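Hi,

Here is the structure I promised to pass on. Please open it first, then read my notes on its aromatic rings below.

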Amino acid sequence: MAVDTSTRKSAAAAPAPGKPAKRRSSVALKIFMAVTGFLLVAFLYVHMIGNLKIFFGAETFDHYAHWLRSIGTPLLPEAWYLYIQRAVLTVAVIGHIVAAVILTRRARQARPVKYAHRPKVQGSYAARTMRWGGVIILLFVIYHILDLTTLTLNPHGVTGEVYRNVAEDFAPSRWYVTLFYTLSIVAVGFHLRHGLWSAVRTLGLQSPRGELYARATALVLSVVLVVGYLSVPFAVLVGLVD
Ligand code: HEM
């Protein structure tokens, strides 16, 4: 989630006298958002690469899902790695959202008098997109866990038969599920693109050339992620995976 700081740059750049601590803690919050965001992106990439194993067939994919449960054994009991990962991701998601809400409130308070004609500049548009994108992603993750982890909403829903669970999930007759996944994953792509770019800016890369590289890198990373994820439901839709 990003925070609309660009329309209020002058207010943020010149804090009221006696408020440097708040400004410092805003910088700390932005760094916290960047770090939690990075953790989430790392998970997204690893998960996307893992999903691509579906193209190697049912046996390979189910074996991969089984292997996920054995990470860390025998040092850790079976599936403990997954529980630790779930705890870390949950803390990262909650922390990311809370920091975004605090930063947005601060940015609003920094300008107590509203613009008479608020300019429709890119910053405010991006911030709105990030907020709604964030909400869509959160709803998607809840649905997705009920669909493919707890299997409550999955049409096949057999533990261990991960390939079949995915293939039945995106069967052509369930086109609306593929549509929902597509919209959500595109939202992930937009969120990631803006999030990566603003993280790089927060971390100090502000020369015009640096911004250009940051924008290009954010775009490429987001497109790769979206295409990687969407390749699975669309492969099922066209019969490449069945
Ligand atoms: C079409 C794209 C996707 C497919 C086919 C897919 C597939 C799966 C499958 C099969 C599982 C269960 C794994 C298992 O229990 O062995 C899973 C779990 C999960 N997926 Fe996805 N996924 C997709 C996209 C996403 C996206 C975009 C996100 C995040 C925004 C996401 C987040 C998760 C999470 C958090 C879990 C739970 C992991 C756990 O059990 O601890 N997935 N996914």
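Start with Tyr181. Tyr181 is buried, at 3% relative accessible area. (Buried means under 20% relative accessible area, exposed over 50%, partly exposed in between, with a 1.4 Å probe and protein chains only.)

Before going on, two notes on the source. This is a predicted model, where local features need pLDDT of at least 70, side-chain atom pairs count only at pLDDT 80 or more, and totals for chains, interfaces and linings use all residues. Residues are numbered from 1 along each chain as its sequence is written, and side-chain values use heavy atoms, with hydrogens and water left out.

Back to Tyr181. Phe170 and Tyr181 form an edge-to-face aromatic pair, 4.9 Å centre to centre, with 90° between the planes. (Rings of Phe, Tyr and Trp, taking its six-membered ring, pair if their centres lie within 6.5 Å; planes under 30 degrees apart are stacked, over 60 edge-to-face, the rest tilted.) This pair links distant parts of the chain: Phe170 is in the loop between α6 (162-169) and α7, Tyr181 is in helix α7, and they are eleven residues apart. (Helices are DSSP runs of H or I, at least four residues, numbered from the N terminus.) Phe170 is buried too, at 3%.

The structure holds eight aromatic pairs. Another is Tyr143 with Tyr181: edge-to-face, 6.4 Å centre to centre, 75° between the planes. Tyr143 lies in helix α5 (residues 122-149) and Tyr181 in helix α7 (residues 175-202), so the pair ties together parts 38 residues apart in sequence. Tyr143 is partly exposed, at 21% relative accessibility.

Finally, the cluster. Phe140, Tyr143, Phe170, Phe180 and Tyr181 form one aromatic cluster.

Best wishes

Terms used:
Helix = DSSP H or I, 4+ residues; strand = E, 2+ residues; numbered from the N terminus.
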